[in-house]
Amino acid sequence: MGVHAQSTEITARVAEIIEGLKSLEGPLLPILHEIQDDFGYVPRESLPVIAEALNLSNAEVHGVVSFYHDYRREPAGRHVLKLCQAEACQSMGSDAVAARVKRLLGIGFHETTADGSVTLEPVYCLGLCACAPSAMLDGAVIGRLDDETIDEIVAEVRA
Ligand code: FES
């Protein structure tokens, strides 16, 4: 399938999503949310389609997508690793955890490793403060991160 055919499919699906949600009050965020749910990210091609349907400028839609870090602009890696950066985890060393993970993976937050194995994201409280510092790997929470568990997680996602 060529790139062109693929973008046509994306815009068609995006148009369908917009159609279903545009009568909501403040439809932009629900539309972006649904697009991300559907594709796993917000494809670049969807932005002008949204802008036109909602009577916004491309820059406005772009601004919203960049403002909310929850929206991905690239497809995520096979694994998504979220590191809690909220207060309770901060006080238990989440900065050092993040530094170690970033060094081991060679990427920063909101980035995906070049081999597509993992996307790293910050998250703000996983409700696991008692077991800080915590993380979430593919939807499963992990508490009490230390060097050993971090190394295990990294080995697992890169396997
Ligand atoms: S602050 Fe990290 S889990 Fe609550």
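Where is Thr119 found? Thr119 sits in strand S3, which covers residues 118-123. Before going on, a reminder that this is a predicted model.

I'll stay with Thr119 for a moment. Its relative accessible area is 3%, so Thr119 is classed as buried, the cut-off for that class being under 20%.

Next, the surface, beginning with the nonpolar part. Leu29, Phe67 and Tyr68 make a nonpolar patch there, with an area of about 310 Å². Of these residues, Tyr68 is the one I looked up in more detail. Tyr68 belongs to the loop that runs between helix H4, residues 58-67, and strand S1, residues 79-84. Is Tyr68 buried, partly exposed or exposed? Its relative accessibility is 34%, so Tyr68 goes down as partly exposed; that class lies between the limits of 20% and 50%.

Helix H4 also holds Asn58. Asn58 comes out at 43% relative accessibility and is therefore partly exposed as well. For a sense of distance, take Asn58 and Met136: they are 78 residues apart along the chain, and their C-alpha atoms are separated by 33 Å.

Last, the charged part of the surface. Which residues gather in a patch of negative charge? They are Asp138, Asp146, Glu148, Glu152 and Glu156. One of them, Glu152, is placed in helix H7, which spans residues 147-158.

Methods. Residues numbered from 1 in each chain as written. Predicted model: local features only at pLDDT ≥ 70, side-chain atom pairs only at ≥ 80, totals over all residues. Heavy atoms only, no water. Patch = residues over 30% accessible without salt bridge, like charges linked within 9 Å, V, L, I, M, F, W, Y side chains within 5 Å. Areas by Shrake-Rupley, 256 points an atom, 1.4 Å probe, with all protein chains shown as cover. Salt bridge = Lys/Arg side-chain N within 4 Å of Asp/Glu carboxyl O. Lys, Arg positive; Asp, Glu negative; His and termini not counted. Charge placed at Lys NZ, Arg CZ, Asp CG, Glu CD. Helix = DSSP H or I, 4+ residues; strand = E, 2+ residues; numbered from the N terminus. Buried < 20%, exposed > 50% of the residue type's maximum accessible area, 1.4 Å probe, protein only.
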